[in-house]
Amino acid sequence: MSEPASISAGIAERYATAIFEIAKENNNLDGLETGINDLVAALADSADLRDLLSSPVVSRAEQEAAIAAVADKMGLDPVLKNSLGLMAQKRRLFVVPQLLTALHEALAEARGEVTADVASAKALTKTQLEKLSKTLSERVGKTVTINATVDEDLIGGLVVKVGSKMIDTSIRSKLNSLQNAMKEVG
């Protein structure tokens with residue numbers, strides 16, 4: 001991770017922790033999740049909103065007023081609205097996308113859920129996904145949501161990432177291991 005990206009992630013993580021803890025104390029995790037989902041959709045739909053968050057040309061006061069208007073219009077939870085206002089005052093709105101990701105992860109953790117990134121050479125069938133999800137759930141001890149992608153370079157097999165753990169059963173990695181073993185012998 002590059003230095004600016006790690007700094008942004010650190011900033012987002014601190015804000016996310018504070019927002020999550022406040023929402024948890026207020027027993028409003030559902031309201032927080034609704035607000036996060038609405039913000040994610042708004043960021044995906046609106047180039048103007050994305051520009052507002054990242055533009056150095058827009059002043060602090062203008063960012064604060066604009067984000068407050070957006071939050072009011074969207075009916076965001078007060079904790080989220082106030083946090084966005086504070087972030088505008090501190091010129092930290094550029095980390096909102098990372099903040100939303102961190103909040104999603106915190107909410108999933110609170111519900112006992114985890115996301116597994118699965119790459120396969122061919123698209124997995126619904127049955128295969130269900131079986132894999134069940135197996136991973138048993139191993140991890142949490143409900144597993146699978147984020148499946150196709151990577152034809154794998155040739156066959158799977159690459160599964162759950163948290164900090166990675167299981168690579170792809171033919172590509174086995175061929176690479178064999179190639180390295182052959183280099184050592186010869």
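A residue is taken as exposed when its relative accessible area is over 50%, as buried when that area is under 20%, and as partly exposed in between. On this scale Ile-155 counts as exposed, because its relative accessibility is 54%. The structure described here is a predicted model. In this model Ile-155 is found in the loop between strand β2, residues 143–150, and strand β3, residues 158–162, and its phi is positive, at about 70°, although the residue is not a glycine.

A positive phi at a residue other than glycine also occurs at Asn-27, where the value is about 50°. Asn-27 is found in the loop between α1 and α2, and with a relative accessibility of 72% this residue likewise counts as exposed. Two further positive phi values follow helices: α5 is followed by Arg-91, with phi near 60°, and α6 is followed by Gly-112, with phi near 80°.

The largest nonpolar core of the model comprises 32 residues, and Leu-32 and Leu-103 are those with the most contacts inside it. Each of the helices α1 (3–25), α2, α3, α4 (60–74), α5 (78–89) and α6 (96–110) supplies at least two residues of this core, with α1 giving the most, namely 7 residues. When residues up to four places away in sequence are not counted, Leu-103 touches Ala-16, Ile-19, Phe-20, Leu-32, Ile-36 and Leu-80. In soluble globular proteins, nonpolar side chains tend to be buried together.

The packing of α2 (residues 29–45) against α3 (residues 47–54) brings the two helix axes within 5 Å of each other, with a crossing angle of roughly 100°. Since angles of 65 to 115 degrees count as roughly perpendicular, α2 and α3 are therefore assigned to that class. On the side of α2 the contact is made by Ala-42, Leu-43, Ala-44 and Asp-45, and on the side of α3 by Ala-47, Leu-49, Arg-50 and Leu-53. By residue type, the contact of α2 with α3 divides into 6 nonpolar and 2 charged residues, with no polar ones.

Several pairs of residues relate separation in sequence to distance in space. Ile-7, which is found in helix α1, is partly exposed, with a relative accessible area of 47%; Ile-7 and Val-95 are 88 residues apart in sequence, and their C-alpha atoms are 9.6 Å apart. Gly-31 lies in helix α2 and counts as partly exposed at a relative accessibility of 22%. Between Gly-31 and Val-79 the separation is 48 residues in sequence and 9.7 Å in space, from C-alpha to C-alpha. Asp-77 and Ser-170, by contrast, are 93 residues apart in sequence and 44 Å apart in space, C-alpha to C-alpha. Asp-77 is found in the loop between α4 and α5, where it counts as buried at 12% relative accessibility, and, residues up to four places away in sequence not being counted, Asp-77 touches Asn-28 and Gly-31.

A buried position in a strand is provided by Ser-120, which lies in β1, residues 113–120, and has a relative accessibility of 3%, so that this residue counts as buried. Apart from neighbours within four places in sequence, Ser-120 is in contact with Thr-149, Val-150, Asp-151, Leu-154, Gly-157 and Leu-158.

Methods. Residues numbered from 1 in each chain as written. Heavy atoms only, no water. Axes fitted to C-alpha atoms, helices over the stretch in contact; angles between N-to-C directions. Helix = DSSP H or I, 4+ residues; strand = E, 2+ residues; numbered from the N terminus. Parallel < 35°, antiparallel > 145°, perpendicular 65-115°, else oblique. Contact = heavy atoms within 4.5 Å. Nonpolar A, V, L, I, M, F, W, Y, C, P; charged D, E, K, R; others polar. Core = buried A, V, L, I, M, F, W, Y, C linked by side-chain atoms within 4.5 Å. Buried < 20%, exposed > 50% of the residue type's maximum accessible area, 1.4 Å probe, protein only.
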